[in-house]
Amino acid sequence: MTAVGILLAVAVLLLLVWVLLYNRLIALRNRVENAWSQIDVQLKRRHDLIPNLVEVCKGYLKHEREVLENIAKARHQAISATSVSEKAAAENVLTSALRQLFAVAEAYPDLKANQNMLALQEELTSTENKISFARQHYNDSVMQYHQAIQQVPTNIVANMFAFRERAFFEIEDRTQREPVKVQF
Amino acid sequence: MYRQIEENLRNTILLTASMTLLLLALGHLFGALLGAPLVGLVIGFLIAVMLTVVSYYHGSSILLAAVNAREIQKADDPQLFNVVEELSIAAGLPRPKIYLIDDPSPNAFAAGRDPEHAVVAITKGLREKLKRDELQGVMAHELAHIQNRDVLYMTMLAVMVGAIVLLADAYWRSLRSGAARGGSSRSRKGSQGQAWLIGLGLILAAVAPLLARIIQMAASRQREYLADATAALLTRYPEGLASALEKIAKDTEELRVPSRALQALFIVYPLQKQSSLDSLFDSHPPLEERIRRLRSMAGV
């Protein structure tokens, strides 16, 4: 084989590798985008479940109107929030309000036994889990994306096309990091 | 748990490489010794590949029909449905179809050629015994198999084992027919080297199928550990699966599995439970060791 032939073969090989790496970066970045929008999907699910919950509880929790009102208010705040930080803060408030409701409902055995309430509790537990898992998946995707951007040889291609790092989803409200105290 | 995943992946690569080497060595050796085109061998191999392709594309439906499973929708079992859906979000995979098996023994499996066509199934016996966290652990293990493309991997291994068995078999046949015809027409020049080669071929042909099976079962065990570790990573709660495995270990009922070939897909080995013998031919690692590894992750 001539020297030119060898050089050509090497060039083609390098081109192939370069294309593969670029495509991998695109795939990983799209994964991050998708994971981010998944979080919003789950948050919206929660918003949609709440009116039903309030309806079921209203009859039983006649003396706990404040709790239910807080939930309605928090939901409204969350839906109308615009910036990312506003949304995050509003969602945290809503989580606290829901926790309050379930704590209060413990004292009402009739409500706890209600079939609709049980079904709703499973749905809400599941939705909270889905929000958590969506955030977890987002962070996992960001980590994989960062590994690709930072590791050799993908980092060469990444720098060529300005693939930038993304922010991890972190809990901003410090109190959420503390373990919940269980008191008997 | 990341460390365990890395170790598992490395072991998987090692095992696959060994299998490939074995296959190549056999092929090369026999090619060198026999010279003549092995038409029958090629046909046999093609049939094996065809069977594999069929099982790859229709394996799920065949398996589900064999164990009497019924697909469930959200209304049938909201908690199970939700648990699987939550895990699909965590894994970034489409939600697989969910099946319930009408059987009192505790077991579960995952099947399907890729995540878009995936299926998870659980027996009634197991479903009724588990709390939500444990159920999530078990389902996470099954989704981990899907995420790690284990069906594809084990199918590929099975094809390689099949090829090795075929090669070894073909070698014995040609030896017999060669001896009947009075040996090859090669001159005496390289007879010393020939003897060595024939001896090596004999040993390899005898040992290769056995070795291939051992490698295949070792790989199957590695993938089970990997699925456990991946499940822990998905849920960030290894205790869920550990607790479920403990409950399964206590139960002595055996699953009515129609064929031994299907056993590798289940979360626990369906036929032999309390075996203290760590056999090389077990498709699943011992339950106690799996539980121990899961609990050792808790600090991560």
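What is the volume of the second largest pocket? It comes to about 930 Å³, where a pocket is an open set of points on a 1 Å grid over the protein atoms alone, with a 1.4 Å probe fitting and protein on both sides within 12 Å along at least five of seven lines. The volume is the space filled by probe spheres set on the points. This is a predicted model, with local features needing pLDDT of at least 70 and side-chain atom pairs pLDDT 80 or more, while totals for chains, interfaces and linings use all residues. Residues are numbered from 1 along each chain, chains are lettered from A, and side-chain values use heavy atoms, without hydrogens or water.

The pocket's lining (residues with an atom within 4 Å of a point) has 29 residues, and A:Arg31, A:Met143, A:Gln144, B:Gln147 and B:Leu233 lie nearest the centre. Its largest share, 6 residues, comes from α5(A); helices here are DSSP runs of H or I, at least four residues long, numbered from the N terminus.

Just past α5(B), B:Arg149 takes a positive phi of about 55°.

As for B:Leu80, its contacts (heavy atoms within 4.5 Å) beyond four places in sequence include B:Ile122, B:Leu135 and B:Met139.

How values were computed:
Helix = DSSP H or I, 4+ residues; strand = E, 2+ residues; numbered from the N terminus.
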